[in-house]
Amino acid sequence: MEFFLQQFAAGLTSGAIYACVALGLVMIYVSTDHINFAQGEMAMFATYLAWAMIDAGLPYWVAFGLTVLVAFAGGFAIQRVILKPLERAPVLALVVSFIALLSIFNAVAGMIWSYTIKQFPSPFPSRDLFGNGLVSVQQLGVVGVTLVMLGLLTAFFRFTTLGLAMRAAAQNADSARLMGVRVSWMLALGWGLAAAIGAIAGMLVAPIVFLDPNMMTGILVYGFAGALVGGIGNPMGAVAGGFIVGVLENLVGSYVIGNELKLTFALIIVIGVLLLKPAGLFGRVIVKRV
Amino acid sequence: MTSLLKANGLSAWYGPIRALYDLDLVIEQGGVTALLGANGAGKTTTLRAICNMVRRSGTTSFLGRDISRRSTEDIVRMGVAHVPEGRGTFVALTVEENLRLAFHTRRDHAAARRDMDLVFDYFPILKERLHQQAGTLSGGEQQMLAIGRALMLGPKLMLLDEPSFGLAPLVVREIFQILRRINEHEQVSMLIVEQNAALALDLADHVYLLETGKVVTSGPSALVRNDEALRKSYLGY
C-alpha cells in the first residue's frame, strides 16, 4: 500500500510537469489553432537561461522572474519574426517550421552550454512533508505552482476581454478583425504566454531530471498525451489530463510494464484518445449548424 | 454636410482576377444604400474592399478621413461595422461572449453596456440564448447575433452582406423590419448588399446597380423601383 501511495504521489509530481507542458501546448492551440512541437525545446532553452543567471550569482527567484519575462518576449518575437510571414502558409509549412525550431533550439543550447548534464537548483526543500516518506515539500511545490498557473490562465481566458479576444482570434480570424481585434498581436501574445509557461515547466522539471539539451524530449510526449486526454482546447482539461497521464504512467510503469515502456504507454494513450474520443475527456465538442 | 463614406476609383482583385472596376460610391449620413446586381457583380467585393479585406486600389474615405491604407481593425474601430457574408459567428463562444467581444475594442464600457441592452431590445431571443454556444443557434438567430455584434461596436455605418441569405421569408421580414428601426433610431447608416432586390429596394433610399464589377446606374431607389425596363434586365422581376 505504501509503495502504491508513493508511486501515486510521484505520479502526481510528474503529472504536474506534464500539465505545465500541456498548458503551453493548449495556450498556442487556443490562440492559433496550431500544435507547437518546439514547446519542449523552448522550455529547455529558457531553463538554460535561468541556469546561466543563477550561475552568474543572481538569487533564484530573481532569475526565475527574469527567465519568465525573457521567455515571454522570446515567444512573442518568434511569432512576429518567424510565424507572421507564414500566416497564410499551409499547415504543413508551419509544422515543418515548428520542427525546425525544435532542432535549432536543441542545437544552439548544446553549442552554448554543451551536452553534459547540469544540476539545477530547486526553490523547494526536498525534505519530507509528514515524515512518512510519502510526499516531499518539493513535490507539493511543483503541484502547487501548476495549480496556481492553471487558476491564473483560466481566469484570464474566462474573465478578461483580452482573453476573450484571443479565443475569438483563434476561432475565426476574419470575423475577429471585423470586431476590431488585432489578430496578429493576439497570436504573438499566445506565443509569449506559452513560452512563459514552458519556462516555468522547464525550471520545475530541471531539478528532478537534471538539465541537458534533451531533457524535454520525452516530457513533451507526455505533455502532449496529457493535453489530448484532457481536451486540447481547454486549459483545465489539459491540466487534469497531465495529472492523469502522470499517475497512470507511474502506476502502469511500476506494476505492469516496467520503466522501459513508459514512453510507449504515453504514445498508446495519444493514439487511443485520438481514435476513441478526439475531443478529449473534458473537451467540448463544437457544434456547428449551417 | 460631409458624406459618410466616399470611394473613388475603387478596384479590387482576387489573385490575378479583377473583380471591381473603378467604382465610385458615395454614402450620405443617415441613409440606407443598397448595392444590387447578379451573382458575381462585385457586391460582396465592394464591401470587402471598403474594409481593406482584399487587394485593392483607389481611395476610400470615411467622415472625410482617408482610410485607403488603414487596416481592417482600424476601419472597424473608426465606426464601420461589417456584418459579413456567412454571418461570421464565433461558434464555440457563447452568445454573450460573441457580444462581449466588443468590450475589447471599446474604450467607453458604459456605452458598450448600454449598447448591449439595446441589442437585447432589438433581439430579445439573444437574451434567452445568452449562455448557449453560438454554433447551436438557428440561421436566423445567428444573423441576429451578427447584427447584434455589429451594433455592439457603436457604429456610424453598417455594411450588411446579404442578411437574408438562407433564411425563411418570415424571419427575413422580421430582420429587415429591425434593420429599418435601427437605421431610424440609432443614427446608423447602412450599405446593404442583397440578392433579394425587392426587399432591399424597400429598405433603401439609394441604390447602386452593379454588373460585372462596374456601376450600371445609381440613384434614388424609387427611380429603380419605377423603371420597369431596368428592373427586368438587371434585377429579374
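# Two chains, one question at a time

User: Which pattern does chain A follow when read along the sequence?

Analyst: This is a predicted model, in which local features need a pLDDT of at least 70, side-chain atom pairs count only at pLDDT 80 or more, and totals for chains, interfaces and linings use all residues. Residues are numbered from 1 along each chain as its sequence is written, while chains are lettered from A and ligands numbered from 1 in the order in which they are written. Helices (DSSP runs of H or I, at least four residues) and strands (runs of E, at least two) are numbered from the N terminus. Along the sequence, chain A reads α-α-α-α-α-α-α-α-α-α-α.

User: What is the radius of gyration of chain A, and why is the chain called as compact as a globular protein of its length?

Analyst: The radius is taken over C-alpha atoms, and the globule rule is 2.2 Å times the number of residues to the power 0.38. For 290 residues that rule gives 19 Å, and chain A comes close to it, so it is as compact as a globular protein of that length. The radius of gyration of chain A is 19 Å.

User: What share of chain A counts as buried?

Analyst: A residue is buried if 20 or more other C-beta atoms (placed from the backbone) lie within 10 Å of its own, exposed if 12 or fewer, and partly exposed in between. In helix α3 of chain A, for example, Phe72(A), Gly74(A) and Leu83(A) are among the buried residues. Over the 290 residues of chain A, the buried share is 49%.

User: Which helices do the buried residues of α3(A) pack against?

Analyst: Helix α3(A) covers residues 60–83 and reaches 33 Å from its first C-alpha to its last, close to the 34 Å expected at 1.5 Å a residue. That expected span is 1.5 Å times one less than the number of residues. Contacts here mean C-beta atoms, placed from the backbone, within 7 Å. The buried residues of α3(A) pack against chain A helices α2 (39–55), α4 (91–113) and α8 (183–209).

User: Which residue of β4(B) is the bridge partner of Lys6(B)?

Analyst: Strands β1 (5–14) and β4 (55–62) of chain B run antiparallel and are joined by 7 bridges. Within β4(B), the partner of Lys6(B) is Ser61(B).

User: Which residue in the turn between β9(B) and β10(B) has a positive phi?

Analyst: β9(B) and β10(B) pair in the antiparallel sense over 6 bridges, and Val207(B) stands opposite Gly219(B). The two strands form a hairpin with 2 residues between them, and a positive phi of about 35° belongs to Thr212(B).

User: Which element gives the most to the side of chain B that touches chain A?

Analyst: In all, 23 residues of chain B are in contact with 20 residues of chain A. Both α2 (72–78) and α3 of chain B supply at least two residues of that side. With 4 residues, the element that gives the most is α2(B).

Key: Two strands pair if DSSP finds at least two bridges between them. Two residues are in contact if their C-beta atoms, placed from the backbone, lie within 7 Å.
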